[in-house]
Amino acid sequence: MVNFLSIFTMRNLFFLSLALNLSLIMRVFYEAEKHGPHELSARKADSGLEKAAHATQRTLVSLSSSGQDDGEKLINLDHGDPTMYESYWQQMGEKTTVVIPGWQSMSYFSDVKNPCWFLEPEFAKQVVRLHNLVGNAVTEGRQIVVGTGSSQLFLAALYALAPKDASEPISVISAAPFYSSYPSMTDYLKSGLYKWAGDARSFDKEGPYIELVTSPNNPDGFVRHSMVNRSGGILVHDLAYYWPQYTPISSAADHDLTLFTVSKATGHAGTRIGWALVKDPEVAKKMIKFIELSTIGVSRDSQLRAARILEVIINSSQNPGRPESGESFFKISHHLMAERWQLLREAVNRGRFFSLPDFQQGFCQFLNQVSQPQPAFAWLKCEDESVEDCESLLRDHKILTRGGRSFGVGPKYIRVSMLDRDHNFNLFLKRLASIQT
């Protein structure tokens, strides 16, 4: 069947579609003449044509996509670029459109009364509303610090938490498998204030340390807690994926310093906006100073766009289905992630070449149902003894992933983004199945 379909070019398919649609139109007129105008109204004819045209279009898209994968297209699933969400936001139309006049947001300053003087009040308002709605973080008694993505906030946190008069840099650790960018971001500027010290599980150095707790964890998706728990330790909680489409919301996170980002919450990675909830005002001031010195604040235009996006998400959850609100973003995203994980598990379970983590179900207070973690990344392991480097194996099949060494573990593991567009995700599943045959 595949060989038969492969002989069709897009031009052949176009003419086939045109012929089918013309035959449908001719049949409608024939039926109208045969049965009379009272038996076949124009509205029914239009409806039938519309449904038939959509069905034909879906069939042709399916045919062309199934015949086009010759194995040469490079599928890049190395990054967590959340383009999966594009279809939802396209359906929302103009609801998130923000018009910014040329004279607006010209000043550096957003709110001179706020310690974070570059924080847009509207963005801060929607952040609080969103957390209160979802129930994933405590906002009361916290200073909101906005940053250019959570990456800048991560560096600002290290700067704020590291002792300024220490005889040596403070150790920065995280339990393996840890987020692959932690080591490089920590050591990139070769700061005398902090230094990457590796896996928290094997950390035994005396003295103060900063432990990074990512939960759900990137790359494996498991819920995480502190591993070291010693005096002198300072915790930074990266909760970029603590949203209901990825994991059950069990309680509101109540930590000293937590990081969030628009990119993983809503899919708008290009907006480059993140925020921190900071309990200690002095730590918040130091983080604000770091951002002031590095970028003189954060784009006000991006904050206004992010604020509108968060507001639309909130409205879609509070008033789902209404024309002015649209369908619930979190429920649709949760369903889409569940569907993708089901398809991936089915593909993996067809053979014994790969394996995936098993997650425990939990009750999600936001969705009001029992659900299972469905992370933004798949932590795939090559079980075949003949394969030493899983990343290289998939690269040979034109699939780019990120190997286990980047996360502090062995090369048998790879991280695969689950957030790419449908077409690339489906091609990935096909090639994964072909590897196992």
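**Exercise 1.** How many helices and how many strands are there in the protein chain?

*Solution.* The model is predicted. Counting along the protein chain gives 13 helices and 15 strands.

**Exercise 2.** Which stretches have pLDDT under 50, and how many contacts beyond four places in sequence does the model have for them?

*Solution.* Next, take the stretches under 50. Residues 1-11 stay under that value, with eight contacts beyond four places in sequence. Residues 24-67 also stay under 50, and for them the model has 26 such contacts. Where pLDDT is low, the predicted coordinates should not be read in detail.

**Exercise 3.** In what order do the strands of the open sheet that contains β9 stand, and which strands are at the edges?

*Solution.* Four strands make up this open sheet, and their order is β9-β12-β15-β14, with antiparallel pairing. β9 (354-355) and β14 (402-403) each have a single partner strand, so they stand at the edges and one side of each lacks a neighbour in the sheet. For β14, the link to β15 (residues 413-417) consists of two bridges. Within this pair, R402 is opposite R415 in β15.

**Exercise 4.** Which helix lies across β9 and β12, and at about what angle to β12 does the helix run?

*Solution.* The helix is α11, residues 329-349. Its angle to β12 (377-382) is about 5°.

**Exercise 5.** What percentage of the residues in the protein chain is buried?

*Solution.* Taking under 20% relative accessible area as buried, 48% of the 437 residues qualify. The accessible surface of the protein chain is about 22,200 Å², and carbon and sulfur atoms hold 53% of that surface.

Note on methods
Residues numbered from 1 in each chain as written. Predicted model: local features only at pLDDT ≥ 70, side-chain atom pairs only at ≥ 80, totals over all residues. Heavy atoms only, no water. pLDDT = per-residue confidence, 0-100. Contact = heavy atoms within 4.5 Å. Pairing = 2+ DSSP bridges. Axes fitted to C-alpha atoms, helices over the stretch in contact; angles between N-to-C directions. Buried < 20%, exposed > 50% of the residue type's maximum accessible area, 1.4 Å probe, protein only. Areas by Shrake-Rupley, 256 points an atom, 1.4 Å probe, with all protein chains shown as cover.
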